[in-house]
Amino acid sequence: MEAAQAGDAGMGFAVVANEVRALSQRSAEAAMQIKELVNNSTKQVAEGVTMVTESGKVLESLMSQVVHIADLVSTIAQSANASELNSVKDSFAQIEMATQQNAAMVEESNAALRTLDVEALALTRAIEKFNVEREDRPLALVA
């Protein structure tokens, strides 16, 4: 009778051990997927930072050209003193304001992307603490 109870307990332990092993395998696979997603996110954030930086440079160049054109139009308007030229000057002033607003938005986007880049790197480092191997070993933390 004791042997039968011990056998039942052993079978129960084996079932639990198999479930733990399966859970460990699923956890390892999930950790690998998370690591891949984080690596992809980090790469995409870095590409986004580069693109926003380049956009900022283009907008800054555009803004300086708009300012220069606005100055030229102002000079022409003062010389000609024509109402049409004043209208053109006002239009360029509006374009300049919109360009400055766009440049400010690019700077804000740049800052947000830098923050995302730092956070993605921190997440990558946190994920790297997991030793993800495809053996029959449970998931282990690397010290």
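A: Ala103 counts as buried because its relative accessibility is 15%. Buried here means under 20% relative accessible area, exposed means over 50%, and partly exposed is in between, with a 1.4 Å probe and only protein chains considered. Ala103 is part of helix α2. Helices (H or I, at least four residues) and strands (E, at least two) are DSSP runs, numbered from the N terminus.

Two notes on reading the numbers come next. This is a predicted model, in which local features need pLDDT of at least 70 and side-chain atom pairs count only at pLDDT 80 or more, while totals for chains, interfaces and linings use all residues. Residues are numbered from 1 along each chain as its sequence is written, and side-chain values use heavy atoms, with hydrogens and water left out.

Now look at what lies across from Ala103. Leaving aside residues up to four places away in sequence, Leu59 touches Thr99, Asn102, Ala103 and Val106. A contact, or touch, means heavy atoms within 4.5 Å.

Thr99 is another residue of helix α2. With 5% relative accessibility, Thr99 counts as buried. With the same rule about sequence neighbours, Thr99 touches Leu59, Leu62, Met63 and Val66.

Which residues make up the largest nonpolar core? There are six of them: Val45, Val49, Val52, Leu59, Val106 and Leu113. A nonpolar core is a set of buried Ala, Val, Leu, Ile, Met, Phe, Trp, Tyr and Cys residues joined through side-chain atoms within 4.5 Å. In soluble globular proteins, nonpolar side chains tend to be buried together.

Thr53 is in helix α1, and at 30% relative accessibility it counts as partly exposed. From Thr53 to Asn110 there are 57 residues in sequence, yet 6.7 Å in space, C-alpha to C-alpha. Lys35 is also found in helix α1, and its relative accessibility of 37% makes it partly exposed. The C-alpha atoms of Lys35 and Ile127 are 6.1 Å apart, with the two residues 92 apart along the chain.

Stepping back, the chain has two helices and two strands, in the order α-α-β-β from the N terminus. Of its 143 residues, 17% count as buried. Among contacts between residues at least 6 apart in sequence, 72% join residues at least 24 apart.

Finally, how far should you trust the picture? The predictor's confidence in each residue is called pLDDT and goes from 0 to 100. Its mean over the chain is 79, and 78% of the residues reach 70 or more. Confidence is highest in α2, at 85, and lowest in strand β2 (residues 140-141), at a mean of 54. Where pLDDT is low, the predicted coordinates should not be read in detail.
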